[in-house]
Amino acid sequence: MVEGLAAAVAVVALLRSNYDTTEFVRFGSLLGLAVLQAELSRSVERLRRALCDRPHINMTSVWTFAGVLVLPQGLALALGLLIYLHLWLRVWRGMSHRPAYRVVYCAAAIVISCLASGAIVSGWHGLPVGFTGSLKIVEAAAVFTVVNAFVVALSVYLHTGARAPRALFGTGDDNLLEITTLVLGTSTALGIVHAPALVPFVLLPVLVLHRSVLVRQLEIAANIDGKTGVLNAHAWHALSERELTSAARANRKLGVLMLDLDHFKQVNDVYGHLAGDVVLKAVAKTISEHVRDYDSVGRFGGEEFVVLLPGATETDVLPVAERVRRAVMALEVEVATASGTGVVRGLSVSIGAAVYPSGGTVLERLLHVADSALYQAKNSGRNRVVSLAAA
């Protein structure tokens with residue numbers, strides 16, 4: 001539906017518009033800058049795309065939004081389509097994270113976003129000016145962002161069933177990046193109208209921004225466990241130390257959960273170690289989805305996970321742990337085996353809990369108490385939660 005709508009409006013817009021030489025020059029300038037920027041940052045974009053596991057924010061909005069502001073709708077839509085075609089041919093083609101159907105869908109989303117935001121400024125017959133014009137640009141940027149985010153989130157939801165805002169709309173940093181590209185797009189549009197000779201200099205901040213975002217992604221990737229997608233032990237430990245210091249300063253409580261999959265060796269023995277890795281990733285995702293949004297999940301080692309619960313009291317810890325335990329029990333994981341496809345069912349997890357300060361005033365002590373509670377859960381029949389208070 002999205003692609004059909006985008007194709008229809010693009011054709012209508014192209015056929016209904018009359019263009020003059022100035023508009024073609026602006027169109028060619030924006031397309032040339034977009035192609036040059038993509039060529040100069042090919043390796044950065046490919047690495048960013050490979051590292052990203054959620055809606056991916058690229059630099060195209062700099063050029064497409066500038067096109068919305070200074071071009072007729074037909075040329076603005078054509079600009080977005082040609083930019084995505086170039087990115088597919090030169091950057092994304094052959095990447096498993098960027099199959100062709102996703103590129104087509106994202107290009108369609110850009111077309112619809114350009115159409116919606118262009119409707120806000122279309123009556124100005126050029127770049128909006130004055131205070132009222134500035135408000136119109138802000139309104140157009142907001143419409144562009146909301147429409148694009150909604151269309152992309154819809155596809156993610158229909159494809160994966162994900163409901164978490166982070167999975168559907170990206171992180172706060174992702175959305176800040178999108179807003180920054182729209183600001184640069186506005187600057188580009190102003191340059192094209194009032195100082196065309198200065199427009200190529202926009203490339204420099206765009207390239208620097210792109211590279212700095214990659215550095216940030218690499219920093220995040222260094223803190224993530226490769227098999228499960230949650231924090232690795234070192235990153236979780238460092239984060240927990242900071243949260244514990246903050247809790248002590250503010251006289252707040254803090255909870256720690258230690259989780260261990262029951263009889264996980266049987267999964268590896270029956271289905272193989274590759275299937276075991278798939279199960280671990282599914283369990284990590286389930287834990288992350290059933291703790292609170294501001295809790296931090298880490299992989300402690302093997303089939304053990306840890307969860308930090310800032311501000312959690314003894315009363316708060318047990319419901320979170322029980323919710324996770326029930327979610328793991330309900331989990332069914334499809335895995336590939338030597339004989340075909342299998343489904344792993346009947347998983348369970350034992351959980352030990354500790355709460356600061358009653359369980360300890362330093363992190364190592366809290367982990368020791370939570371680990372002792374975990375072993376008590378194991379020894380008393382598995383698939384249960386034991387807390388310091390319950391012990």
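Student: Are F65 and F144 buried or exposed?
Tutor: The model is predicted: local features need pLDDT of at least 70, side-chain atom pairs count only at pLDDT 80 or more, and totals for chains, interfaces and linings use all residues. Residues are numbered from 1 along each chain as its sequence is written, and side-chain values use heavy atoms, without hydrogens and water. Buried means under 20% relative accessible area, exposed over 50%, partly exposed in between (1.4 Å probe, protein chains only). On this scale both F65 and F144 are buried.

Student: How many aromatic pairs does a search of the whole structure find?
Tutor: Rings of Phe, Tyr and Trp (its six-membered ring) pair if their centres lie within 6.5 Å; planes under 30 degrees apart are stacked, over 60 edge-to-face, the rest tilted. Over the whole structure, the number of aromatic pairs found is 3.

Student: What kind of pair do the rings of F65 and F144 form?
Tutor: Their ring centres are 5.8 Å apart. The planes meet at 70°, so the pair is edge-to-face.

Student: How many residues apart are F65 and F144?
Tutor: Helices (H or I, at least four residues) and strands (E, at least two) are DSSP runs, numbered from the N terminus. F65 sits in helix α4 and F144 in helix α7 (residues 130-160). The pair links distant parts of the chain, and the separation in residues is 79.

Student: Which residue forms a tilted aromatic pair with Y84?
Tutor: The centres are 5.7 Å apart, with 55° between the planes. Y84 counts as buried, at 6% relative accessibility.

Student: What is the strand order of the open sheet?
Tutor: Two strands pair if DSSP finds at least two bridges between them. The sheet has 5 strands with mixed pairing, in the order β2-β3-β1-β6-β7.

Student: Which are the edge strands?
Tutor: Each edge strand pairs on one side only. They are β2 (296-301) and β7 (385-387).

Student: Which residue in β3 stands opposite G298?
Tutor: β2 and β3 (residues 304-310) run antiparallel, joined by 5 bridges. Opposite G298 stands V306.

Student: How far apart are the end C-alpha atoms of residues 137-159?
Tutor: An unreviewed UniProt entry annotates "transmembrane region" over stretches including residues 137-159; such annotations use the numbering here, with shortened feature names, and may be inferred rather than shown by experiment. Residues 137-159 are 100% helix and 0% strand. Their end C-alpha atoms are apart by 33 Å.

Student: What share of the 391 residues counts as buried?
Tutor: The chain has 15 helices and 7 strands. Its C-alpha atoms fill a box of roughly 80 × 55 × 30 Å along the principal axes. Of the 391 residues, the buried share is 49%.
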